[in-house]
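Subject: Structure handover

Hi,

Here is the structure for your files. Please open it alongside this note.

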Amino acid sequence: MELTVWRTFVTVCRLGSLSAAAAELNHTQSAVSRQIAGLERQLGVPLMERHARGVRPTPAGEVFRRHALATLNEADRAVRAARDARDGALNRPLAVGATPSLAAGIVPEAIRDLLKHTGPIPWSLLPGLSAHLHNRVTAGDLDIAVVTDAPPGLPHDPRVERRFLGLDDMVVALPVGHPQAGRGPVHIQTLADQTWVEDNDGSAALLRQHAARAGVSARIDLTAADLPGKLALVATGHAIALIPGVLTCALRTDVTTATLVDPPTRGIYTITPRRDPHPCAAPLLDRLTTAFTPDRPARATHQPTDTDS
């Protein structure tokens with residue numbers, strides 16, 4: 001079986017549409033249909049079924065999709081490994097992922113320190129939520145990702161190695177001039193009647209859990225599409241927000257913070273693929289570990305990791 005056909009099948013499953021897959025792969029829709037039909041004849045089982053909005057894999061197709069994706073990822077790694085051996089390892093681009101708050105400061109600083117040691121290497125930084133970054137690591141798209149265990153948490157996945165960096169105390173973002181701005185630790189009860197804004201389910205869950213422990217509820221009346229949008233609503237006085245402590249050093253000038261009494265926390269971790277690690281992933285991890293020292297926003301205390309058991 002040719003891997004080209006397998007890529008076509010995986011693309012159709014991902015997009016849920018023959019026409020969308022054809023457009024992405026620069027094929028005709030009839031060519032995509034023929035490839036899928038030929039694959040079904042080879043395997044002797046139906047792989048796709050139609051539904052109201054497109055196509056989806058049958059139960060047999062879903063099983064095949066998972067194995068096909070793993071095979072394609074391994075094939076891509078084989079190509080990269082061969083090219084690395086030809087060109088030299090440091091010519092391989094380093095693909096880094098980080099949650100938005102970590103991509104705003106700590107991770108770029110660690111990359112800067114890495115480049116001082118290695119000299120120029122090609123690299124990229126992809127911001128995203130933890131679940132998305134985990135999937136990109138397991139798919140072979142990222143060499144290292146810096147993620148958090150904020151709800152719904154991190155999966156235990158034998159394909160990745162997870163390392164604990166530190167605990168991050170969440171803080172409250174306030175517009176400059178807010179009555180609580182610059183004050184000492186604030187009880188959540190003092191802020192319970194304020195309008196809150198959230199940009200993702202994990203942060204909202206931390207806020208609700210923290211408020212519930214204090215016997216109050218937080219009014220999350222506004223929703224932002226992303227972290228910059230969330231901070232814009234805070235800066236203009238529309239709301240206040242729960243944000244990661246690691247973001248404090250990278251806030252815009254019209255936003256300030258207040259600490260909370262017994263604040264909610266989240267763990268910060270790196271995840272790296274167990275197979276075919278990038279040669280610069282370990283040195284970058286060392287620099288990230290150094291970044292999470294007691295004088296930084298995150299508190300580096302030991303937590304169990306996948307390699308501690």
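Below is what was found in it, from the whole chain down to single residues.

**Ground rules**

This is a predicted model: local features need pLDDT of at least 70, side-chain atom pairs count only at pLDDT 80 or more, and totals for chains, interfaces and linings use all residues. Residues are numbered from 1 along each chain as its sequence is written, and side-chain values use heavy atoms, with hydrogens and water left out.

**Overall**

The protein has 11 helices and 12 strands. Both are DSSP runs, numbered from the N terminus: helices are H or I with at least four residues, strands are E with at least two. The C-alpha trace spans about 70 × 50 × 35 Å along its principal axes. Of the 309 residues, 44% count as buried. Buried means under 20% relative accessible area, exposed means over 50%, and partly exposed is in between (1.4 Å probe, protein chains only). Among contacts with a separation of 6 or more, 74% come from residues 24 or more positions apart. A contact is heavy atoms within 4.5 Å.

**Helix α6**

α6 covers residues 106-118. Its 13 residues reach 19 Å from first C-alpha to last, close to the 18 Å expected at 1.5 Å a residue. The expected span is 1.5 Å times one less than the number of residues. Which residues of α6 are buried? They are Ile106, Val107, Ala110, Ile111 and Leu114. Seen down the axis of α6, these buried residues fall within an arc of 130°, so they line one face of the helix. The arc is taken from the directions from the helix axis to the C-beta atoms. In general, an α-helix has 3.6 residues a turn, so residues three or four places apart point the same way. What covers the buried residues of α6 includes β3 (94-98), α5 (100-103), β4 (123-127), β5 (144-148) and α11 (281-291). Glycine 119 follows α6, with a positive phi near 85°.

**Helix α1**

α1 also has its span on record here: 13 residues, reaching 18 Å from first C-alpha to last, close to the 18 Å expected. Its buried residues are Val5, Trp6, Thr8, Phe9, Val10, Thr11, Val12 and Cys13. Glycine 16 follows α1, and its phi is positive, near 70°.

The largest pocket holds about 850 Å³ of space. It is lined by 29 residues, and the closest to its centre are Leu69, Ala70, Asn73, Thr138 and Ala139. Elements giving two or more residues to this lining are α1 (3-15), α2, α4 (59-87) and α7 (130-138). α4 gives the most, with 10 residues. By class, the lining has nine nonpolar, six polar and 14 charged residues.

The second largest pocket has a volume of about 430 Å³. Of its 26 lining residues, the closest to the centre are Leu129, Ser130, Thr148, Ala150 and Asn200. α9 gives the most to this lining, with four residues. The classes here are 13 nonpolar, nine polar and four charged.

On terms: a pocket is an open set of points on a 1 Å grid over the protein atoms alone, where a 1.4 Å probe fits, with protein on both sides within 12 Å along at least five of seven lines. Lining residues have an atom within 4 Å of a point. Grid points are joined across faces, edges and corners, and a volume is the space filled by probe spheres set on the points. Ala, Val, Leu, Ile, Met, Phe, Trp, Tyr, Cys and Pro count as nonpolar; Asp, Glu, Lys and Arg as charged; the others, Gly among them, as polar.

**Backbone points to check**

Most residues other than glycine have a negative phi, and most peptide bonds are trans.

- Asparagine 26 has a positive phi near 60°. It sits in the loop between α2 (18-25) and α3 (29-43). Asparagine 26 counts as exposed, at 71% relative accessibility.
- Aspartate 276 has a positive phi of about 55°. Its place is the loop between β11 (265-273) and α11. Aspartate 276 counts as partly exposed, at 25%.
- Proline 151 and proline 152 are joined by a cis peptide bond, with omega about 10°. Proline 152 is in the loop between β5 and β6 (160-175).

**Threonine 259**

Threonine 259 lies in the loop between β10 (255-258) and β11. Threonine 259 and valine 186 are 73 residues apart in sequence and 6.2 Å apart in space, C-alpha to C-alpha.

Best wishes
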